[in-house]
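Let's go through this one together, feature by feature. Have a look at the structure, and then we'll start with the strands.

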Amino acid sequence: MTANIRYKSRIPVKTEDGTEEKQYVGFATLPNQVHRKSVKKGFDFTLMVAGESGMGKSTLVNSLFLTDLYKDRKLLNAEERINQTVEIIKHTVDIEEKGVKLKLTIVDTPGFGDAVNNNECWKPITDYIDQQFEQYFRDESGLNRKNIQDNRVHCCLYFIPPFGHG
């Protein structure tokens, strides 16, 4: 038989006049402490966008975060797109809103699905995601865990073309 006993977390402290006054430990304010620490430190968020050229990936990202991440982008013509392989480009921007800092990393995959033969075009993307998770695991398993950089992909938006085969 188990007894459910509830204890109030109070520590007796002697005051100057010799009386005992009970004080709280403070774990009740832990959520507020974690919230303040997180807001002060800021957040990291990594978003991957994948899909064929012209699907609106850049437009969506720019309108979601009210930034222009693709200022110096070079658009390729049709001949260059056919020969291009999937590459992975990271864009990082710091955004601050109402005192909360966000380090936003957009992982763009230009060339994904643009080739005539798209066999295994997804392979570089899955390799990149696995590589980031392995790197984070190695950093977390190491001795110095103070300055771990989280480059894992938190969200992947895959753009499906609006035309198909019925």
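Q: Which residue is the bridge partner of Thr 46 in β5?
A: Strands here are DSSP runs of E, at least two residues long, numbered from the N terminus, and two of them pair if DSSP finds at least two bridges between them. In this case Thr 46 has Thr 105 as its bridge partner in β5. Bear in mind that this is a predicted model, where local features need pLDDT of at least 70, side-chain atom pairs count only at pLDDT 80 or more, and totals for chains, interfaces and linings use all residues. Residues are numbered from 1 along each chain as its sequence is written, and side-chain values use heavy atoms, with hydrogens and water left out.

Q: How many bridges join β3 to β5, and do they run parallel or antiparallel?
A: Strand β3 (residues 43-50) and strand β5 (residues 100-108) run parallel, joined by 7 bridges. Val 49, for example, is partnered by Asp 108 in β5.

Q: What joins β4 to β5?
A: Strand β4 (residues 89-97) runs antiparallel to β5, with 9 bridges between them. Across that pairing, His 91 stands opposite Ile 106. β4 and β5 form a hairpin with 2 residues between them, and Lys 98 in the turn has a positive phi of about 55°.

Q: Which residue in β6 is the bridge partner of Ala 50?
A: Ala 50 has Tyr 158 as its partner there. β3 and strand β6 (residues 155-158) pair in the parallel sense, over 4 bridges.

Q: How many disulfides are there?
A: A disulfide is a covalent bond between the sulfur atoms of two cysteines. The cut-off is a pair of cysteine sulfur atoms within 2.5 Å, and the count comes to 0.

Q: Which ring does the charged end of Arg 152 sit over?
A: To qualify, NZ of Lys or CZ of Arg must be within 6 Å of the ring centre and within 35 degrees of the ring normal. Here the ring belongs to Tyr 136, and the charged end of Arg 152 is 3.8 Å from its centre.
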